[in-house]
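Subject: Structure for you to look at

Hello,

I am handing over the structure that I have been going through. Please open it first; my notes follow below.

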Amino acid sequence: MRATAPLIGMAVLGVLGVTALAFGVASATKDHPLTALPVALVVLTLALAVPLGVVRARTVRVWRGPDGGVLRKGTALTTALWLLSAAVHAAMAQWIDHTATAGLLGLSTLHLYLAVTYTVQGLLVRRRAARLTGEPAGTAPGAAAGAAA
């Protein structure tokens, strides 16, 4: 169960994200259609989530514990990069809402942004953990153990 818990969390965030985005689009298009700029900014904010997840994944420590299980722990830099990721999303959400002129389209991207960036970070950390055990990334024993990153 522990090894699959992060995957379930990523899936839940993804479902919440798609649902929230649908409501955000509905709120932004209530009185007028969306123009290309807010749509492009939504795509851009989700695209920015990918490299931020990659960079954060590189700051997570991964090692074998005394019992042979794989452990992970985020560093102070990981935390700082999460704060940067939040700031990037907040700025992008403001920009999206400003260009959409109505509704909460920018804010509605939060869960999907988190799903993308957390999935990228999580999968890369799991891949590193799997290399320590020589098993596929989805089956590394204890890959989800240790502090949350």
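**Helix 4**

Helix 4 has 24 residues, which at 1.5 Å a residue should span 34 Å, and its end C-alpha atoms are 34 Å apart, so the two values agree. The expected span is 1.5 Å times one less than the number of residues in the helix. Helices here are DSSP runs of H or I with at least four residues, strands are runs of E with at least two, and both are numbered from the N terminus.

This is a predicted model, in which local features need pLDDT of at least 70 and side-chain atom pairs count only at pLDDT 80 or more, while totals for chains, interfaces and linings use all residues. Residues are numbered from 1 along each chain as its sequence is written, and side-chain values use heavy atoms, with hydrogens and water left out.

The buried residues of helix 4 include Leu112, Tyr113, Val120, Val125 and Ala129. Buried means under 20% relative accessible area, exposed means over 50%, and partly exposed is in between (1.4 Å probe, protein chains only). Just after helix 4, glycine 134 takes a positive phi of about 75°.

**The chain as a whole**

The protein chain has four helices and three strands, in the order α-α-β-β-α-α-β from the N terminus on. It has 149 residues, of which 38% count as buried. Its accessible surface comes to about 7,800 Å², and 73% of that belongs to carbon and sulfur atoms; accessible areas come from the Shrake-Rupley method with a 1.4 Å probe, and for residues only the protein chains shown count as cover. Among contacts (heavy atoms within 4.5 Å) between residues at least 6 apart in sequence, 74% join residues at least 24 apart.

**The cores**

A nonpolar core is a set of buried Ala, Val, Leu, Ile, Met, Phe, Trp, Tyr and Cys residues joined through side-chain atoms within 4.5 Å. The largest nonpolar core has 13 residues, and those with the most contacts inside it are Leu21, Val42, Leu46, Ile96, Leu105 and Tyr113. Helix 1, helix 2, helix 3 and helix 4 (110-133) each give two or more residues to this core, and helix 2 gives the most, with five. Another core, of six residues, lies apart from it, with Ala57, Val60, Val70 and Ala129 among them.

Leaving aside neighbours within four places in sequence, leucine 105 is in contact with residues including Leu21, Val42, Ile96 and Asp97.

**Single residues**

Threonine 45 is in helix 2 (residues 36-59) and counts as buried because its relative accessibility is 0%.

Not counting residues up to four places away in sequence, serine 85 touches Leu52, Arg56 and Tyr113.

Threonine 79 lies in helix 3 as well, but is partly exposed because its relative accessible area is 48%. Threonine 79 and threonine 59 are 20 residues apart in sequence and 9.3 Å apart in space, C-alpha to C-alpha.

Isoleucine 8, in helix 1 (residues 5-28), is partly exposed, with a relative accessible area of 45%.

Regards
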